[in-house]
Amino acid sequence: MQAIADLARELAPRSEAARALAPELVEAIRSEGLFRLGVPRSLGGPESPPGETLAVAEAIARGDASAGWCVSIAATSGLLAAYLPEAGEEEVFGDPRSVAAGVWAPKGRGVVADGGVVVSGQWSFCSGIGHADWLFAGFVLDGALKVAALPKASLEVLDTWHTTGLRGTGSHDCVARDVFVPESRVLSVLDGPLRDGALYRFPVFGFFAASVAAAALGNGFGALDDFVALAGRKPLGSSRTLAERSSTQAAVASASASLRAARAYFHEAVGEAWEAAQNGSVPVEARAGVRLAATHAARTARSVVSELYDLAGGGAIYDGAPIQRRFRDAHTASAHFQVNAASFELPGKLLLGVPARTEQL
C-alpha cells in the first residue's frame with residue numbers, strides 16, 4: 001500500500017498536468033484490485049469492510065488526493081454490484097480488471113423499451129472515467145430515480161474538467177444519446193440491494209460521503225507531510241528555518257491534533273455503523289453519525305490545509321509547490337455536496353428532534 005501511495009506522490013505533478021491519473025499509477029492500482037474494493041467476493045472482489053476501504057483511500061490520498069479520490073469513488077461504485085440482477089452484475093464486474101465510475105444524480109431520462117430502457121443525458125463529475133470501463137448514471141423513469149450501468153464505449157466523454165483542484169481525477173462530463181440498457185443493468189439505490197451481506201447493509205449514501213472524506217483526510221495529512229519538509233528551509237531574509245519558530249511549532253502540533261481527532265471520530269462513526277450492519281440493519285442515528293463525521297473530517301482537513309498553506313508563506317505560491325496543490329485539492333473536495341457546509345443541516349435536525357427526510361442517509 002505504501003508503495004502505491006509513494007508512486008502516487010511521485011507522479012502527482014504528471015497526473016495533475018494530464019488531468020488524469022498517470023497510466024503507470026492506474027495500472028498499479030488496478031493490479032492490486034484497489035479499484036474494486038466494494039465488489040462482492042462471488043465476482044472476484046474483496047468485499048472489504050468500510051473501514052478498511054476508507055483507510056486504503058486515505059493512505060493513497062496522502063500521496064496524492066486525486067489518486068485516493070479515484071480509489072474511493074471506484075470502491076463506492078463497486079458496491080452497486082449488489083443492486084444489480086445476477087446477469088447485470090456479472091456483465092459489469094465479471095472481468096476481474098473491470099472498473100466502474102458513477103454519478104447517481106438523476107441527470108438523464110429513460111424511456112421504456114422492449115427488454116429495458118433507452119437512456120439519454122449528460123452527467124458531470126464523472127471521476128475516474130478515463131480509466132473506467134462502466135459508468136453508473138442516474139436517470140428518471142416515470143418519475144422514479146433509477147441508475148443505469150452504461151459501457152464507457154457507449155458514451156461521449158467531454159473535455160470539461162478544467163478545475164482549481166483534484167485535476168488528476170479527470171472528472172469530465174459524459175453524454176449518452178439514446179443508449180439502450182437491458183433490465184439487467186438497471187437498478188434503484190433507494191429500493192436497496194438485491195444481495196445480502198453486511199457490506200451491502202451499510203448505508204450506501206453514507207459510504208459515498210465517507211469516501212469523499214477519506215480522500216480529504218489523506219490530503220490533509222499529506223499537506224502536513226509537505227509542510228514539515230518545507231519547514232526545514234530558511235525563508236528569504238530569515239536567519240531561522242520555519243521549523244525553528246515557536247509559532248510554527250505550535251501550528252504544526254495543532255494541525256496534527258485536529259487531523260488525528262477528526263480521523264478518530266470518523267472511524268468511530270464508521271465502526272458503529274459497520275457493527276450495526278453486521279448485526280442487521282443500521283439505525284438512523286448511526287447513519288446520521290457517519291454523515292456528520294464525514295462532513296466534519298473533510299472540512300477539518302480543509303481548515304488545516306488552509307492554515308498550513310498560509311504558514312508556508314511565499315514558498316507555497318508557485319505552480320508546482322506540493323502544498324499549493326494540497327490547498328487547491330482541499331477546497332475542491334470540500335465543495336462536494338456530500339460534505340459541503342449544508343451537509344451539517346440534516347444531522348443537526350436529527351440532533352434537535354426536528355422532522356427530517358432520512359431516506360438518503
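1. In this predicted model, helix α1 passes α3 in a right-handed crossing. The axes of α1 and helix α3 (residues 50-63) cross at roughly 35 degrees and come within 6 Å. On the α1 side the contact is formed by I4, A5, A8 and R9, and on the α3 side by A59, I60, R62 and G63. Sorted by class, the residues where α1 meets α3 comprise five nonpolar, one polar and two charged.

2. R19 is placed in the loop between α1 (2-18) and α2 (23-31). Leaving aside residues up to four places away in sequence, R19 touches D159, W161, H162, R167, G168, G170 and H172. The C-alpha atom of R19 is 9.9 Å from that of G165, although these two residues are 146 residues apart along the chain.

3. The axes of helix α9 (residues 284-312) and helix α10 (residues 322-333) cross at roughly 150 degrees and come within 9 Å. Because angles over 145 degrees count as roughly antiparallel, α9 is roughly antiparallel to α10. The crossing in which α9 passes α10 is left-handed.

4. The residues joining this second pair can be listed by helix. From α9, the contact involves R302, V305, S306, L308, Y309 and A312, which meet I323, Q324, R326, F327, A330 and H331 of α10. The contact of α9 with α10 contains seven nonpolar, three polar and two charged residues.

5. The largest pocket holds about 860 Å³ of space. Its lining consists of 36 residues, and those nearest the centre of the pocket are F208, R291, H336, F337 and Q338. By class, the lining of the largest pocket divides into 19 nonpolar, 13 polar and four charged residues.

6. Which elements each supply at least two residues of the lining of the largest pocket? They are α4 (65-78), β1 (100-113), α7 (204-230) and α11 (345-352). The largest share of this lining comes from β1, with six residues.

7. At the contact of α1 with α3, A8 and R9 of α1 are among the residues involved. At the loop between α1 and α2, the contacts of R19 include W161 and H172. At the largest pocket, F208 and R291 are among the residues nearest the centre.

Technical notes. Residues numbered from 1 in each chain as written. Predicted model: local features only at pLDDT ≥ 70, side-chain atom pairs only at ≥ 80, totals over all residues. Heavy atoms only, no water. 1 Å grid on protein atoms, 1.4 Å probe; cavity = no way out; pocket = protein on both sides within 12 Å on 5 of 7 lines; lining within 4 Å. Points joined across faces, edges and corners; volume = space filled by probe spheres on them. Helix = DSSP H or I, 4+ residues; strand = E, 2+ residues; numbered from the N terminus. Nonpolar A, V, L, I, M, F, W, Y, C, P; charged D, E, K, R; others polar. Axes fitted to C-alpha atoms, helices over the stretch in contact; angles between N-to-C directions. Parallel < 35°, antiparallel > 145°, perpendicular 65-115°, else oblique. Left-handed = near helix turned anticlockwise from the far one by under 90°. Contact = heavy atoms within 4.5 Å.
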